[in-house]
Amino acid sequence: MGEQNHISKRKFAWADKWIKMTGERARIDAKVNNTYIVYEKNGKLVKEYPDGDIVPLKNNGES
């Protein structure tokens with residue numbers, strides 16, 4: 001069983017890299033277009049602006 005888990009992790013290791021690259025690309029696009037990205041941080045949704053400011057979203061989805 002341990003061998004099977006090891007194979008699964010190696011098989012999908014590319015996904016971690018792809019996810020990281022997608023997030024980096026989103027930050028670049030936000031900077032170019034002078035907008036923000038939204039993601040989950042510590043269990044809450046936040047907006048991250050091109051200048052590095054990170055603000056929490058309020059319950060209704062707006063900040």
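**View 1. Lys-44 sits in strand E2.** The model is predicted. Lys-44 is exposed, with a relative accessibility of 58%. Its C-alpha atom lies 7.8 Å from that of Leu-57. Along the chain, Lys-44 and Leu-57 are 13 residues apart.

**View 2. Glu-48 of strand E2 pairs with Arg-27 of helix H2.** This close-up shows one of the two salt bridges in the structure. The closest N and O atoms of Glu-48 and Arg-27 are 3.0 Å apart. Glu-48 is buried, at 14% relative accessible area. Arg-27 is partly exposed, at 37% relative accessibility.

**View 3. Arg-25 and Asp-29 form a salt bridge within helix H2.** The closest N and O atoms of this pair are 3.0 Å apart. Helix H2 spans residues 13–32. Arg-25 and Asp-29 are separated by about one helical turn because they are four residues apart in this helix. Arg-25 is exposed, at 51% relative accessibility; the cut-off for exposed is over 50%. Asp-29 is partly exposed, with 30% relative accessible area.

**View 4. The structure holds two salt bridges, shown together.** Side chains of opposite charge can pair when their charged atoms come close. Arg-25 pairs with Asp-29, and Arg-27 pairs with Glu-48. Arg-25 and Asp-29 both belong to helix H2.

Key. Residues numbered from 1 in each chain as written. Predicted model: local features only at pLDDT ≥ 70, side-chain atom pairs only at ≥ 80, totals over all residues. Heavy atoms only, no water. Salt bridge = Lys/Arg side-chain N within 4 Å of Asp/Glu carboxyl O. Helix = DSSP H or I, 4+ residues; strand = E, 2+ residues; numbered from the N terminus. Buried < 20%, exposed > 50% of the residue type's maximum accessible area, 1.4 Å probe, protein only.
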